[in-house]
Amino acid sequence: MTVVALTAAQQAAVQRRTVLVLSLGQVLGGIAFGATVSLGALLAADLSGSDALSGLATASVTLGAALCAIPLARLAAKVGRRRALTLGNLFALVGIAVVILAASLRVFPLLLAGILMIGAGNAGNLQSRFAATDLAAAQHRGRDLSIVVWATTIGGVAGPLLLGPGEIVGAAIGMPPQTGSYAFSFVAQCAALILYLVALRPDPLLAAQLLATAAAAATGKAIVDRPLVARYAIFAVAGSHVVMASVMAMTPVHLAHMAHGSEGMAPTPADVSALVGITIALHVGGMYALSPVFGILADRWGRLRVVLLGQLLLGGALAFAVFANDKEWGVIVALILLGLGWSAATVAGAALLTESSAPELRTRRQGRSDSLMSLSAAAGAVLAGVILSNFQYAGLGIAASVIVVAIVALSPLASRGRAGASPAAP
């Protein structure tokens, strides 16, 4: 596709349409991911015959996202966001088909392969938030990115809600048990693929690259690259994600221990599930509901300040995890603050990474950031289980606080990196 230079008015109009298309794509793409998160562990336990292996489903979807983040980002740099996002949708479509086949044949390794491919498709969903910044004006970059992040909520919530209706549809058309909602996921992924092919025009990344080249030719100055700031942004995003993922992953286990350890009548499984469901729902609400607010604050206050605001919120969450972990309300408050802190740090950190990178290096670094974020979260979740079993929930809170302190302590590097302009470097 040929991309022509855009006037300022045309750029603003294309950007508005791009944010809308990406947001709709996030809703559609999130349905498959939400269904996989909800059903993956159940299918893994059923096909493997062991609850101990059920966690491999979550590990597979995370690994798939980590492995494909960098290749998809490099592909986007060469041929544009539209083709890269479309390829992500194709990965997810193949993955859904493989999961259904694995459930039908009852082959556990095949199931993990399918879930891994769905995770690869989710790497495209992660890339969408960066695509929202390609043509964004500097004063609205955080806001536009956060709108696409917020749209993730709809797909993430819709996926689990379709489990019941999906089983009814699946039984009617002869699908294996616990795979019916993947029929909805398949349709949603097809719709997202068509949406990107048809509506994501002109390609925002290719158009942005053309504008950057034209601006450099007109002024004689290239956009300054700030590698130190970019590295800090990658560290801040990955570190904040590790803190969130590790504590969140162990919270259901901690709540179950709390419920069974309390005096009086033993709780029923339904009571424990209800408590866990409410807590995680409020946590997810904290992660996404206010992301546009943090995006606007990042535009007005500055990216670094909002990253540090995120660390303040994460620190508050960990304080409740340490000092009020024996009370249900304390754990709930901790999880809400944990989601809010993640949202602030992720939105502002992604905007900081984008604007501190020269155009020719931007997508490469974005891919590295997504890959590191996924891999570190997977490792953090594993280590969190070890810490919880040996040092309890309070010990997990103390261990996670080390990362928060490191992000705050290293923030002056980002400030110095702003002053020290440097040639483009990876």
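Modeller: Let us begin with a pair of helices: helix 12 passes helix 13 in a left-handed crossing. A crossing is called left-handed if the near helix is turned anticlockwise from the far one by less than a right angle, and right-handed if clockwise. Helices here are DSSP runs of H or I with at least four residues, numbered from the N terminus.

Colleague: Before we go on, what kind of model is this?

Modeller: This is a predicted model, in which local features need pLDDT of at least 70 and side-chain atom pairs count only at pLDDT 80 or more, while totals for chains, interfaces and linings use all residues. Residues are numbered from 1 along each chain as its sequence is written, and side-chain values use heavy atoms, with hydrogens and water left out.

Colleague: Back to the pair, then. At what angle do helix 12 and helix 13 cross?

Modeller: The axes of helix 12 (residues 303–323) and helix 13 cross at roughly 160° and come within 7 Å. Axes are lines fitted to C-alpha atoms, for helices over the stretch in contact, and angles run from 0 to 180 degrees between N-to-C directions. Helix 12 and helix 13 are therefore roughly antiparallel to each other. That term covers angles over 145 degrees; under 35 counts as roughly parallel, 65 to 115 as roughly perpendicular, and the rest as oblique.

Colleague: Which classes of residue make up the contact of helix 12 with helix 13?

Modeller: The contact of helix 12 with helix 13 divides into 19 nonpolar, 6 polar and 2 charged residues. Nonpolar means Ala, Val, Leu, Ile, Met, Phe, Trp, Tyr, Cys and Pro; charged means Asp, Glu, Lys and Arg; the others, Gly among them, are polar.

Colleague: Where is Leu-352, and is Leu-352 buried or exposed?

Modeller: Leu-352 belongs to helix 13 (residues 328–355) and is buried, with a relative accessible area of 1%. Buried means under 20% relative accessible area, exposed means over 50%, and partly exposed lies in between, using a 1.4 Å probe and protein chains only. From C-alpha to C-alpha, Leu-352 and Val-307 are 9.1 Å apart in space, although 45 residues apart in sequence.

Colleague: And what about Ala-345?

Modeller: Ala-345 is also a residue of helix 13, and its 0% relative accessibility counts as buried.

Colleague: New topic: helix 14. How far apart are its end C-alpha atoms?

Modeller: Helix 14 (residues 359–409) has 51 residues, but its end C-alpha atoms are only 28 Å apart, short of the 75 Å that a straight helix would reach at 1.5 Å a residue. The expected span is 1.5 Å times one less than the number of residues.

Colleague: Where is the kink in helix 14 centred?

Modeller: The kink is centred on Phe-391 and amounts to about 125°. The bend at a residue is the angle between axes fitted to the seven residues ending there and the seven starting there. Helix 14 also holds Ala-400, which counts as buried at 5% relative accessibility. The C-alpha atom of Ala-400 is 7.5 Å from that of Leu-318, 82 residues away along the chain.

Colleague: How do helix 3 and helix 4 pack?

Modeller: Helix 3 (residues 81–105) packs against helix 4 (residues 108–131) at an angle of about 155°, with their axes 7 Å apart. That makes helix 3 roughly antiparallel to helix 4. Their contact has 19 nonpolar, 7 polar and 1 charged residues, and their crossing is left-handed.

Colleague: One last point: which residues does the cis peptide bond join?

Modeller: The cis peptide bond joins Arg-201 and Pro-202, with omega about -5°. Pro-202 lies in the loop between helix 7 (181–199) and helix 8 (204–219).

Conventions. Helices (H or I, at least four residues) and strands (E, at least two) are DSSP runs, numbered from the N terminus.
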